[in-house]
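Have a go at each task before you read its solution.

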Amino acid sequence: MIEAALARRVELAREIVATPGALEPDFVPTFAKAVDDAQVGGPAEQNELSFLISCVDRTRIAPELWRRMADSERELRAVLPPGFDLPDVVDPAVFFEPRHSARVVLVDAEDRVLLFRGHAPETPDKPFWFTIGGGIEPGEDPRAAAARELTEETGLVAPVSELIGPVWVRREQFTFGGKDVDSVEQFFLLRWAKTWEIDTSGFTQLEVDTIEHHRWWSARELAATRDRVYPVQLRELLPEVLGGAEFRTVH
């Protein structure tokens with residue numbers, strides 16, 4: 001049953017590759033290779049294909065093909081053993097507005113990460129901590145977007161070349177400001193040992209309204225807190241990335 005479900009997913013992914021205009025031209029080789037690797041590989045290769053499927057712009061895909069792909073992912077969730085990590089494929093019955101973001105894991109000389117505390121406009125009673133970052137503008141390079149967001153949100157001007165990564169990519173669907181968002185976020189690491197005064201005067205009005213304060217967190221403090229933190233795995237990921245761990249997808 002597992003083998004048949006995996007084979008079905010590979011077959012559908014090949015249909016996507018074969019559909020003219022379904023993928024951005026520079027994304028086709030990466031996606032096609034992942035399909036080939038998944039056909040003969042194990043959990044790691046299957047996880048990579050699942051993540052890349054989740055990054056496909058479904059507005060480019062015929063609704064019937066996308067429905068079959070979503071059904072395939074749900075089928076896999078029901079039969080796969082531990083070791084497989086399947087991001088959700090967007091439900092074909094719901095429209096989520098695509099959003100690509102660049103985020104910065106800013107770490108100081110004491111290996112502490114800077115996080116903001118805020119909330120969605122509709123849920124002020126449910127605050128959470130999150131990294132620096134925001135939306136990538138049309139045509140903007142993700143690394144440049146990360147550096148721009150860093151300056152706008154903290155006042156820190158850092159050379160783009162000093163941003164490492166992306167070290168993580170996160171796919172998440174959520175509601176914010178009344179919009180259903182299908183978000184793909186690239187995380188870049190920046191180690192910054194110099195001191196500077198954090199300046200949030202570049203906040204947008206939405207950020208002013210929804211961000212309460214900020215603080216530096218150590219890995220030990222993250223491991224001990226019961227506060228909501230995004231990405232959820234940050235407490236495990238921070239020590240890994242500071243130790244030079246390779247790129248991975250997160251939640």
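**Exercise 1. Find the handedness of the crossing of α1 and α3, then describe their packing.**

Step 1. The crossing of α1 and α3 is left-handed, a term for a near helix turned anticlockwise from the far one by less than a right angle, with clockwise giving right-handed. Helices here are DSSP runs of H or I with at least four residues, and strands are runs of E with at least two, numbered from the N terminus.

Step 2. Which residues make the contact? On the α1 side they are L6, R9, V10 and A13, and on the α3 side Q46, L49, S50 and I53, where contact means heavy atoms within 4.5 Å.

Step 3. Sorted by class, the contact of α1 with α3 has five nonpolar residues, two polar and one charged. Ala, Val, Leu, Ile, Met, Phe, Trp, Tyr, Cys and Pro count as nonpolar, Asp, Glu, Lys and Arg as charged, and the others, Gly among them, as polar.

Step 4. Now the geometry: the axes of α1 and α3 (residues 43–54) come within 12 Å and cross at roughly 45 degrees. Axes are lines fitted to C-alpha atoms, for helices over the stretch in contact, and angles run from 0 to 180 degrees between N-to-C directions. The two helices are therefore oblique to each other; under 35 degrees counts as roughly parallel, over 145 as roughly antiparallel, 65 to 115 as roughly perpendicular, and the rest as oblique.

A note on the source: this is a predicted model, in which local features need pLDDT of at least 70 and side-chain atom pairs count only at pLDDT 80 or more, while totals for chains, interfaces and linings use all residues. Residues are numbered from 1 along each chain as its sequence is written, and side-chain values use heavy atoms, leaving out hydrogens and water.

**Exercise 2. Work out how α1 and α2 are oriented.**

Step 1. Helix α1 (residues 2–18) packs with α2 (residues 28–40) at about 160 degrees, and their axes are 10 Å apart.

Step 2. The pair is therefore roughly antiparallel, and the crossing of α1 and α2 is left-handed.

Step 3. From α1, V10, A13, R14, I16 and V17 meet F31, A32, V35, D36, A38 and Q39 of α2. By class, this contact of α1 with α2 holds eight nonpolar, one polar and two charged residues.

**Exercise 3. Find where the cis peptide bonds joining G165 to P166 and Y230 to P231 lie.**

Step 1. For G165 and P166, omega is about 15 degrees, and P166 lies in strand β5 (residues 164–176).

Step 2. For Y230 and P231, omega is about 0 degrees; P231 sits in the loop between α7 (219–224) and α8 (234–242).
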